[in-house]
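I opened my notebook today to look up a few things in one protein structure. Come and read along with me.

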Amino acid sequence: PMWSLDGRLIVEPSSAGIRLLDGATLAPLNLLFSSVRDRAVATTPDGRYVVSGARGPTAPVEVWDTRTGALAKTFGAGTFVDAQISPNGRFAAIARSNVIELWDIAEGVKIRDLRSKSQGGLWSFAISPDSRYVAAMSEHGFDLWEAASSDPVTSVGSGTGRRRPVFSRDSSRVLFTDAFKSIVVMDVGSRAGIRSLVVSQRDVAGATELAYSHDGSLIAAGVYDYDNATRVSRFRIL
């Protein structure tokens, strides 16, 4: 389940459909009778629309009007990885197996495709808080696009990890995992790496989740590592 940005609505996928709850009282508001199962959902900032997609090869991505409970439009079909809505509410980003599609929510038309220069399938992506950039992790690299262009403005092919990249609140920096054992801090404007934070020197290691503090001064990471010699594994928050 997830909150709308204004906190007024909770969207909860279920086996019966998509439940809409009042964010203050948890009272049921509506049930969207989607036939799609195993879905991911995202909402526009004002809670007006819910985008719903399933991880199947043929299921369409659905756009629901939360006021009427009606299916407003669909955004194509194909192998689905993830869906997000831009913070400004203007476009939806739909990640397929090897491309991110940008769709105009109001018009229901595709704006452009963002294709990775890194080889392999897409794993995760993020939209910057100012809605200007899209960052993605693929099987073999990291890509950063301006949402207004189809070509990446920078690509890092270094055996990167699968975890979702994270933007700072002011959209000036982005975090991503590099070969699992470190976290790269990149300046978005210059596309230059500021520093690399090593999370572990053990045989198997990786940041399993990343987060930025609201003021941008702290980075938190959930870390797993394993020592082959001692057969000791541990989970930490750094």
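Here are my entries, starting with the ground rules and then going place by place.

**Ground rules.** I am looking at a predicted model, where local features need pLDDT of at least 70 and side-chain atom pairs count only at pLDDT 80 or more, while totals for chains, interfaces and linings use all residues. Residues are numbered from 1 along each chain as its sequence is written, and side-chain values use heavy atoms, with hydrogens and water left out.

**Entry on the sheet.** I looked up how the strands (E, DSSP runs of at least two residues, numbered from the N terminus) are named. Two strands pair if DSSP finds at least two bridges between them. I then found an open sheet of four strands, in the order E1-E2-E3-E4, with antiparallel pairing. Its edge strands are E1 (2-3) and E4 (28-32), each pairing on one side only.

**Entry on E2 and E3.** How many bridges join strand E2 to E3? I noted six, between E2 (residues 9-14) and E3, and the two run antiparallel. These strands form a hairpin with two residues between them. Across this pair, Ile10 stands opposite Leu21 in E3.

**Entry on E3 and E4.** Strand E3 (residues 17-22) pairs with E4 in the antiparallel sense, over four bridges. I wrote down two facing pairs: Leu21 stands opposite Pro28 in E4, and Leu20 stands opposite Asn30 in E4. This hairpin has five residues between its strands, and there Leu26 takes a positive phi near 65°. A reminder to myself: in a regular strand the side chains alternate between the two faces of the sheet.

**Entry on Ser124.** I found Ser124 in strand E13 (residues 122-127). Is Ser124 buried or exposed? Ser124 counts as buried because its relative accessibility is 7%. The scale I used calls a residue buried under 20% relative accessible area, exposed over 50% and partly exposed in between, with a 1.4 Å probe and protein chains only. A polar atom of the Ser124 side chain lies 3.4 Å from the backbone nitrogen of Arg164.

**Entry on Ser233.** My last stop was Ser233, which lies in strand E23 (residues 232-237). Ser233 counts as partly exposed because its relative accessibility is 40%. Which residues is Ser233 in contact with, leaving aside its neighbours within four places in sequence? I listed Tyr224, Asp225 and Tyr226, where contact means heavy atoms within 4.5 Å. I also looked up Arg202: Ser233 and Arg202 are 31 residues apart in sequence and 9.6 Å apart in space, C-alpha to C-alpha.

Note on methods: A polar contact is a pair of N or O atoms within 3.5 Å; within protein, one must be able to donate a hydrogen and the other to accept it, and residues adjacent in sequence count only if both atoms are side-chain atoms.
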